[in-house]
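Here is a friendly walk through a structure that may be new to you. Take a look first, and then we will start with a pair of helices.

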Amino acid sequence: MGNKRSLWSKVWPPALALAAGIGLWQASASLGWADAWTLPSPASVAAEALKADTRERLAEHTGATLRLTMLGFAGGAAAGFALAALLHLLPGLRRGLSPLLILSQNVPMVVLAPIMTMLFGYGMLPKILLVMLVCFFPVTVATLGGLAGGDEALRNYMRMIGCGRWTLFWRLELPGAVTGLFSGLKIAASYSVLSATFAEMLSPKTGLGGFMVLSTRGYMQERAFAAVILIVALSLALYGLISLAERAFTRWRPRKEAAERDA
Amino acid sequence: MMLEVKGVGKSFRNDAGVKEVLRGLTLHVREGEFVSIVGPSGSGKTTLFQLIGGLELPSSGEIWIGGRNTTGERGHIAYMPQQASLLPWRTVRGNIELSLGIAGIDKKRARELAGEWLARIGLAEYADAYPRTLSGGMSQRVSFLRALLSPQPLMLLDEPFGALDALTRLDMQRWLLSIWETNRRSVLLVTHSIEEALYLSDRVLVLSASPAAVTDEIEVPFARPREESILLDERFNALKGRIYGQLKEGRKEG
């Protein structure tokens, strides 16, 4: 019972804020504060999105974006995790590579994207690589922090009873890093949809990113806005999925404390 | 002889120079004997355990366990630390199973042992609970059980009740005695409490402050099974006074 009430008290404030935002947006269009060709009203965006022709194209492009996002996210997360484990087990390598890691995040995507296209053509590969490049970093950093940040007393106990390097890694450090890993995954999930959309703008044939560019160029703002809403929804859905997975993996953690920590 | 520490010295080098923690330390634990070490804080008790556990190498001397030179070798001891050190993501039973597994006991046997003994010490209903739901005393019971069930014949107990309140502490000492007296193992216990050392042990060793060396050795004259009434015995108080005096002396020297 208490749970239901607390869920409700968590849901209604953001729901109210969202409704108010949409209301204000609709009002600004209905009352003529903004021109329809710069800011279409939510009602007109919904009407456009529900047209049979538009709906079909939106579905197709959403599918393409979802595919790219998932491939890039999965690849980036796997690479990020593997890199974190490697750097943790080989401290020498970590000292050598850390500056390069940060460097990789300082090259703007706007520069990277055309280079990728020149190297790998206009297919899926450069786009996936771009999403991976964005996703691996938060996963690596958060996992590394988790691996290194274990309890000293536990480590001492495990070593005293005779644990070797591998046992220590598998039994103590890796399970202890799960919380860190998931916070990295959540950040990567939000980045992945955004970077996938950006990658699609390179060759605007498929995906919501491309659809957005073409719609704006054709002065069809309703379509562009519909695409934006779908992108946001995708991003939220992916984040929600990861949060669910995290719950399943950290059942040992008291829920209340977990909620406070995430807040 | 279960454990022999033979003339062990240990120095650490830091920015301030070389710090000598142990010098020519010699002690032993016989098969099935309960030996306690008391000493002022900072007398190198932790270092001694790390040497016996094989985490550190002595600067001089040797460690022998079970009649074999095991200097710098790990995995020869069962260990109970001051903090219960239960992995928070494993259940109580899972924690015991893991430690037994690391010590080389097969999964099925470890599972049986854990279930059987948790029931025997009255914690059966907590077998599948996570450690965070246990009280401090219960965590230490599980921690002791985990060490007791490990196959290594030598147990190191590192101030196991130091973090508990006085009442729980007395309960735990009584409980530990009752289990140990029916399941004799060789034990080396480090403690700050003179009473605890006298109440539990066959022999008490007194350490001086750094560099630590054994300054006194006391054979505890009380029969087993120990009665709680010995805490009020005259001889008990006399020994307490003797150790207290030794500790004060040792601190002055250091």
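## Two helices in chain B

α4(B) passes α5(B) in a right-handed crossing, where right-handed means that the near helix is turned clockwise from the far one by less than a right angle. Helices here are DSSP runs of H or I with at least four residues, strands are runs of E with at least two, and both are numbered from the N terminus. On the α4(B) side, the residues in contact include F144(B) and L148(B), and they meet residues of α5(B), among them W175(B) and I179(B). Two residues are in contact if their C-beta atoms, placed from the backbone, lie within 7 Å.

## How the model is read

This is a predicted model, in which local features need pLDDT of at least 70 and side-chain atom pairs count only at pLDDT 80 or more, while totals for chains, interfaces and linings use all residues. Residues are numbered from 1 along each chain as its sequence is written, and chains are lettered from A and ligands numbered from 1 in the order in which they are written.

## Chain B as a whole

Chain B has seven helices and 10 strands. Its C-alpha trace spans about 50 × 45 × 35 Å along the principal axes. Of the contacts in chain B with a separation of 6 or more, 70% join residues 24 or more positions apart.

## Where the chains meet

The contact between the chains takes 14 residues from chain A and 17 residues from chain B. On the chain A side, α7 (152–160) and α8 (165–176) each give two or more residues. The largest share, six residues, comes from α7(A).
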